[in-house]
Amino acid sequence: MSLQMFPEQTAGVGTKISFRVTTKKPGYVLLVDIDANGRMSQIFPSPELIAESQEAAMNFLKPGEEMLLPNAVARKRGFEYIATPPLGPTAVVAILSDRRVQILDLPDTSQKTRSEAETVALLAEWTNQLRVPDPETGKLQQSNWSFDIKRYRIQ
């Protein structure tokens, strides 16, 4: 999985940020923001976008295709990602699940001085414990997860 951001390294408060996600295997894409205070929040798909969408698999991505965000459908439903305080080093993590997932109940942790490797390790450990309901049987099953992280600074 690969995540690109535009702008890439710095963004002023109020700057609209866009993303391009590609993958070599099919899956469901989620984007998580980690602010300068270490707080995590899911930015795509947002609960509002899910509630307003008729599309059950709006975050599904096929291998070799790219997902551009915000895309026309997401913009139409009010999805934009705009740089907001707190100022400082931040990151966006792209997460790919092989099972249908639209919302993550993210861990409530804050740690300003987390390295990229520590952030991915924390998310990998946390997602490894998640179980996703099988749509046919309803049984909870483990999912396979992939990650990519992009660091940037809000100034």
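Visitor: Are Phe19 and Tyr81 buried or exposed, and how do you know?

Guide: Both Phe19 and Tyr81 are buried, a label that means under 20% relative accessible area, with exposed meaning over 50% and partly exposed lying in between (1.4 Å probe, protein chains only). This is a predicted model, in which local features need pLDDT of at least 70 and side-chain atom pairs count only at pLDDT 80 or more, whereas totals for chains, interfaces and linings use all residues. Residues are numbered from 1 along each chain as its sequence is written, and side-chain values use heavy atoms, leaving out hydrogens and water.

Visitor: Why is the aromatic pair of Phe19 and Tyr81 called tilted?

Guide: Rings of Phe, Tyr and Trp (its six-membered ring) pair if their centres lie within 6.5 Å, and planes under 30 degrees apart count as stacked, over 60 as edge-to-face and the rest as tilted. By this rule there are two aromatic pairs. Phe19 and Tyr81 are 5.7 Å apart centre to centre with 45° between the planes, and the pair is tilted.

Visitor: Which parts does this pair tie together?

Guide: Because Phe19 lies in strand β3 (residues 16-22) and Tyr81 in strand β8 (residues 81-82), the pair ties together parts that are 62 residues apart in sequence; strands here are DSSP runs (E, at least two residues), numbered from the N terminus.

Visitor: What makes Gln42 count as buried?

Guide: Gln42, in strand β5 (residues 40-44), has 15% relative accessibility and therefore counts as buried.

How values were computed:
Helices (H or I, at least four residues) and strands (E, at least two) are DSSP runs, numbered from the N terminus.
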